[in-house]
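The following exercises are to be worked through with the sequence and coordinates at hand. Each task is followed by a solution in steps.

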Amino acid sequence: FGQALEIVRRLLEIDSINVQWQRDVVQILSKIGHLHAMLGEEEPSLGAFRAALEMARSLVAVDPGNAHWQHELAISLDGVGGLSLQAGDVETAREAYREALAIRRALVAQAPGDPAAQTQLVTNLYNLSRAESPADAIAAVQEALDILMILERQDDLGSDQETWPGH
């Protein structure tokens, strides 16, 4: 991923307004963040997610209605939230998860029949519950379970989602 990131960054030096290349950088940085997190390397992981977050915010500022860029922004926020929570920074985690939740809700509103958007919302609600007060955590988990029950009745859960806790 490091080489791919370097190539795309060089291309951006040539054409800094190319939004597709900017999106590629966001995706690569997010993947790098996930890889570092899997290796237990919190500092480089958080750095990658923060860099992805900054670029994703720039993309959304250019085209706020672009669902793909909103999705990338939510992924970056989830990464920052997870690593912040792991580091004990509950307030930063909560802020990141709440912002991601607002994005996920908007994406579901744009595509209410999209099971992927619904399950991403469920994941975000669960993540947020880990950073909330007990009462707010219960409300978030209950909402997530309600969504999962609807998806199950519609037979829209993937095989991996059928094994989620509470199912």
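**Exercise 1. Fold and confidence**

The protein has seven helices and zero strands. The model is a predicted one.

Task: State the order of the elements from the N terminus, and determine in which helices confidence is lowest and highest.

Solution. 
1. Read from the N terminus, the order of the elements is α-α-α-α-α-α-α.
2. The mean pLDDT of the protein is 87, and 85% of the residues score at least 70.
3. Confidence is lowest in helix H1 (residues 2–14), with a mean of 66, and highest in H5, with 97.
4. Where pLDDT is low, predicted coordinates should not be read in detail.
5. As for the chain overall, 40% of its 167 residues count as buried. Among contacts with a separation of 6 or more, 52% join residues 24 or more positions apart.

**Exercise 2. The nonpolar cores**

Task: Identify which members of the largest nonpolar core touch the most other members, and which helix gives the most residues to this core.

Solution. 
1. The largest nonpolar core holds 20 residues, of which Val26, Leu53, Leu73, Leu77, Val80 and Ile103 touch the most other members.
2. Two or more residues of this core come from each of helix H2 (19–38), helix H3 (42–62), helix H4 (67–86) and helix H5 (90–110).
3. H3 gives the most, with seven residues.
4. Take Leu77 as an example: beyond its neighbours within four places in sequence, Leu77 is in contact with Leu53, Arg57, Ala96, Glu99, Ala100 and Ile103.
5. Another core, of 17 residues, lies apart from this one; Leu125, Ala144, Leu151 and Leu157 are among its members.

**Exercise 3. The second largest pocket**

Task: Determine the volume of the second largest pocket, and find which helix supplies the largest share of its lining.

Solution. 
1. The second largest pocket contains about 180 Å³ of space.
2. Its lining is formed by Ala67, His68, His71, Arg104, Leu107, Val108, Gln110, Ala111, Asp114, Ala116, Ala117 and Gln120.
3. At least two lining residues come from each of H4, H5 and helix H6 (115–129).
4. H5 supplies the largest share of the lining, with four residues.
5. Sorted by class, the lining comprises six nonpolar, four polar and two charged residues.

**Exercise 4. Gln120 in the lining**

Task: Is Gln120 buried, partly exposed or exposed, and which residues outside its sequence neighbourhood does Gln120 contact?

Solution. 
1. Gln120 lies in helix H6 and belongs to the lining of the second largest pocket.
2. The relative accessible area of Gln120 is 27%.
3. Apart from neighbours within four places in sequence, Gln120 is in contact with His71 and Arg104.
4. Gln120 and Arg104 are 16 residues apart in sequence, with a C-alpha to C-alpha distance of 7.1 Å.

**Exercise 5. Two further positions**

Task: Locate Gln142 and Asp156 relative to H7, and classify each as buried, partly exposed or exposed.

Solution. 
1. Gln142 lies in helix H7 (residues 134–153), whereas Asp156 is found in the segment after H7.
2. With a relative accessible area of 42%, Gln142 is partly exposed.
3. Asp156, at 29%, is likewise partly exposed.

Note on methods:
Residues numbered from 1 in each chain as written. Predicted model: local features only at pLDDT ≥ 70, side-chain atom pairs only at ≥ 80, totals over all residues. Heavy atoms only, no water. Core = buried A, V, L, I, M, F, W, Y, C linked by side-chain atoms within 4.5 Å. Buried < 20%, exposed > 50% of the residue type's maximum accessible area, 1.4 Å probe, protein only. Contact = heavy atoms within 4.5 Å. 1 Å grid on protein atoms, 1.4 Å probe; cavity = no way out; pocket = protein on both sides within 12 Å on 5 of 7 lines; lining within 4 Å. Points joined across faces, edges and corners; volume = space filled by probe spheres on them. Nonpolar A, V, L, I, M, F, W, Y, C, P; charged D, E, K, R; others polar. pLDDT = per-residue confidence, 0-100.
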